[in-house]
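Subject: Structure handover

Hello,

Here is the structure I promised to pass on. Please open it alongside this note.

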Amino acid sequence: MENGSFIEAVIMSYDTRLGTYAGSPRPGGPRATLCVSSQVGCKMGCTFCATGSMGFKSNLSAGEIVEQLVHATRLSQIRNVVFMGMGEPLNNYKSVVEAVRSMTGHCFQLAPRHITISTVGVIHCINKLKYDLPNVNLAVSLHAPLQEVRCQIIPAARAFPLGKLMDALRAYQEHSKRKIFIEYIMLDGINDQEQQAHLLGKLLEEYDVVVNLIPFNPIGSISKYRTSKKENVELFQKILRGVYNIRTTVRQEMGQDISGACGQLVVNLSDKKLPVKMEYTGKPEGIPDIEDLSILRS
């Protein structure tokens, strides 16, 4: 960055034609998604996330956010952009909105539905986003169906009570008429039990949502969590789908070998390889791209 700071952005390349969907061949073809950062560090302090261990350093300008797309397009044809890198996008609201408008403008011409903004639930900004960027996707890092557990995982959630957050999401959905993506990190013994699946199902059953279950990626010596067992993830998904009719996917694990996976982005130049590009090599039955969920049949 201009001030000498470093950030990370990740290109995820994959082929949507791998495997089947609902028993039929998948549509599409080779695609690439860019995961961009909006801040240097983050003040949300999520206890599973390496970026949170950095603390908050600074906001990126709109130009610095767009510059990540400029560099990425030199390496791959970018179809989707997700604001899921370093930082809480809605804590840098003005720059993120300006950056998205540039990405959807004449130069890049990305479709708004191919852009996703992720947030831990900054309520007053969600209330503005539905007017300022009505056609982008919203992803909410929920991670627990109870406020006390959510605060354990996301300390900043104390400022965003779950009841008020759900009210804001209802108002957002009524205005935007769009699905909301719910991100849920699976932590062994913390939020991955059968009872919590039912609580989450009851919390979300009246909303039009897609739940994305995210396997926890270890972050070295600062990790205090374990990855959920495969059978727990499968049962969690089965409950949400079968009992509550909530579309639920499991995020494919990508980039662990270069510490570029979900929750692993942190700038430590002394012991970390800086990734340039990642290729999708996950199992074909997974759906690796969150935007594709909004255009495939439910």
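Below is what turned up, from the whole chain down to two residues.

**Ground rules.** This is a predicted model: local features need pLDDT of at least 70, side-chain atom pairs count only at pLDDT 80 or more, and totals for chains, interfaces and linings use all residues. Residues are numbered from 1 along each chain as its sequence is written, and side-chain values use heavy atoms, with hydrogens and water left out.

**Whole chain.** The protein chain has seven helices and 13 strands (DSSP runs numbered from the N terminus: helices are H or I, at least four residues; strands are E, at least two). Of its 298 residues, 57% are buried (under 20% relative accessible area, with a 1.4 Å probe and protein chains only). The chain exposes about 13,200 Å² (Shrake-Rupley method, 1.4 Å probe). Carbon and sulfur atoms supply 51% of that area. Take the contacts (heavy atoms within 4.5 Å) between residues at least 6 apart in sequence: 72% join residues at least 24 apart.

**Helices 3 and 5.** Helix 3 covers residues 123-132 and helix 5 covers residues 162-176. They pack at an angle of about 0 degrees, with axes 9 Å apart (axes are lines fitted to C-alpha atoms over the stretch in contact; angles run from 0 to 180 degrees between N-to-C directions). So helix 3 is roughly parallel to helix 5 (angles under 35 degrees). Helix 3 contributes I123, I126, N127, L129, K130 and Y131; helix 5 contributes K164, L165, A168, L169, A171, Y172 and H175. By class, the contact has nine nonpolar, two polar and two charged residues (Ala, Val, Leu, Ile, Met, Phe, Trp, Tyr, Cys and Pro count as nonpolar, Asp, Glu, Lys and Arg as charged, the others, Gly among them, as polar).

**E183.** Buried or exposed? E183 is buried, at 4% relative accessible area. It lies in strand 10, residues 180-186.

**Y244.** Y244 sits in the loop between helix 7 (230-242) and strand 12 (247-250). Y244 counts as buried, at 12% relative accessibility. Its side chain makes a 2.9 Å polar contact with the side chain of H198. Y244 also touches A197. Those two are 47 residues apart in sequence and 9.8 Å apart in space, C-alpha to C-alpha.

Best wishes

Notes:
Buried < 20%, exposed > 50% of the residue type's maximum accessible area, 1.4 Å probe, protein only. Parallel < 35°, antiparallel > 145°, perpendicular 65-115°, else oblique. Polar contact = N/O pair within 3.5 Å; in protein donor to acceptor, adjacent residues only side chain to side chain. Lists of a residue's contacts leave out its neighbours within four places in sequence.
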